[in-house]
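Hello,

Here is the structure I said I would pass on. Please look through it first and then read the notes below.

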2 protein chains.
Amino acid sequence: MEVKKPTLVLLVDDDIDVLGAHSRFLRLNDIDVIVAESSATALQRMQESDIDIIVTDLRMPESNGIEFAQQARLSRPLIPIIFFSGYAQVRDIVAAMKLGAVEFLEKPIDPDELLEVIGALQKSHYGSLSNSRKAFDGLADEYPLRMRVLAYEKYLIESAIVQSNGQIGLVLEALQVNRRTLNDKMSKLGISRDALLGDTNQ
Amino acid sequence: MEVKKPTLVLLVDDDIDVLGAHSRFLRLNDIDVIVAESSATALQRMQESDIDIIVTDLRMPESNGIEFAQQARLSRPLIPIIFFSGYAQVRDIVAAMKLGAVEFLEKPIDPDELLEVIGALQKSHYGSLSNSRKAFDGLADEYPLRMRVLAYEKYLIESAIVQSNGQIGLVLEALQVNRRTLNDKMSKLGISRDALLGDTNQ
DNA sequence: TACTTTTAGGCAATAATTTGCCTATCAATA
DNA sequence: TATTGATAGGCAAATTATTGCCTAAAAGTA
């Protein structure tokens, strides 16, 4: 298929060993990693680089993962965040999930599990979708409601198409939408199945 | 403001004692309660009555609370669900929250805490905006496109109302939408201006 | 090649949404 | 009390969306 920009993960933990081990593992699996040993550093890294996914420890010395996530969300409202922690309290997990965490992993992290979660995110939210995602994610407040809703709908449809690897039958099932309706929406929203799948003949 | 229909809670647990104690307590606090001792019964009750909030145990003999919630969501995609459980596994809590649970309480339930959560939900239909946000952001992949788009639209409108501090004129300007259209959408999506602003005269 | 599967557009009936116009309520105030 | 401003609902016309039925092109397969 097409050449994709690799996923860039921001890994945050105060434990250098954890950072080292997991970042090595992720890089071996073709995932770019930027590490940060504190939430302050992490926020700075977010300014410098276009992070796709945040993976952060819940418990850190200075500010905890929840506070960091809240800060991070200010600049990137919908960025996927994966939390991990050992001995987490129920209220911590609930707080993390309420913040819209994508996943909450128990420490010690199973590298394969982490990879799997990231892989699922790549498929569903990112990859070739980054443009579309930005289209609705970043669509500023001043845009009309209708436009913003349509941008989101476009993003959802594009996500489903990429996830289904272009098989429209699966998309119809996933979105539970009439085939005729989907075709009309795609045409109206300017969604091209071929372009999404990186068709080189486009 | 206007007279509201009292909140109707569906309380689900296989333990009759729990049902009795908590339903009594809630009723003492002016909250209508329908109880169900199994998920099958609960689903039936949902057909019979217009439930506002579901409060369910995570662990039950036949089907567990997650499965029940999934079933319930089929007919009421955005209904607020509060889970409770003792000795919950991290993965259970995460699964519950991913389903869009409003809250996850530990057993034994502190009645005041439950009351507080329900009170917060009464104030704003889906709880705080963050919950509404969850309703669209976290609305799992398996939900129909239509529902997910509506959830997002609801979130946008609620955000705009809160941002404008309830002044509909400002909302109309911000969303660039026809006044009549906004009113219709609010009514259809179950958005209450008063509730969003925490109107205490309800 | 012939057959099947997948995808997609044309068209029309039906359903839903949008919107302007009118009215009504409520609160604040002259 | 009368008036004004903000909010909402009823209604109906105009517009748009949905969907089933039909056809057809393209890709894959026997």
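In this predicted model, a polar side-chain atom of B:Arg180 lies 2.9 Å from a base oxygen of DNA strand D. This is a polar contact (a pair of N or O atoms within 3.5 Å; within protein, one must be able to donate a hydrogen and the other to accept it, and residues adjacent in sequence count only if both atoms are side-chain atoms). The phosphates of DNA strand D are also contacted: a polar backbone atom of B:Ile168 is 2.9 Å from a phosphate oxygen, and a polar backbone atom of B:Gly169 is 3.3 Å from a phosphate oxygen.

A note on how to read this: the model is predicted, local features need pLDDT of at least 70, side-chain atom pairs count only at pLDDT 80 or more, and totals for chains, interfaces and linings use all residues. Residues are numbered from 1 along each chain as its sequence is written, chains are lettered from A and ligands numbered from 1 in the order in which they are written, and side-chain values use heavy atoms, with hydrogens and water left out.

DNA strand D has 14 residues around it, and the nearest are A:Asn178, A:Thr181, B:Ile168, B:Arg179 and B:Arg180. A residue is near a strand or molecule if one of its heavy atoms lies within 4 Å of it. Of the atoms of DNA strand D within 4 Å of the protein, 54% are in sugar or phosphate and the rest in bases. H9 of chain A, with helix H8 (168-175) and H9 of chain B, each give at least two residues to this surface; H9(A) has the largest share, 5 residues. Helices (H or I, at least four residues) are DSSP runs, numbered from the N terminus. By class, the surface near DNA strand D has 1 nonpolar, 6 polar and 7 charged residues. Here Ala, Val, Leu, Ile, Met, Phe, Trp, Tyr, Cys and Pro count as nonpolar, Asp, Glu, Lys and Arg as charged, and the others, Gly among them, as polar.

Now DNA strand C. A polar side-chain atom of A:Arg180 is 3.0 Å from a base oxygen of DNA strand C. The largest share of the surface near DNA strand C, 5 residues, comes from H9(B).

Regards
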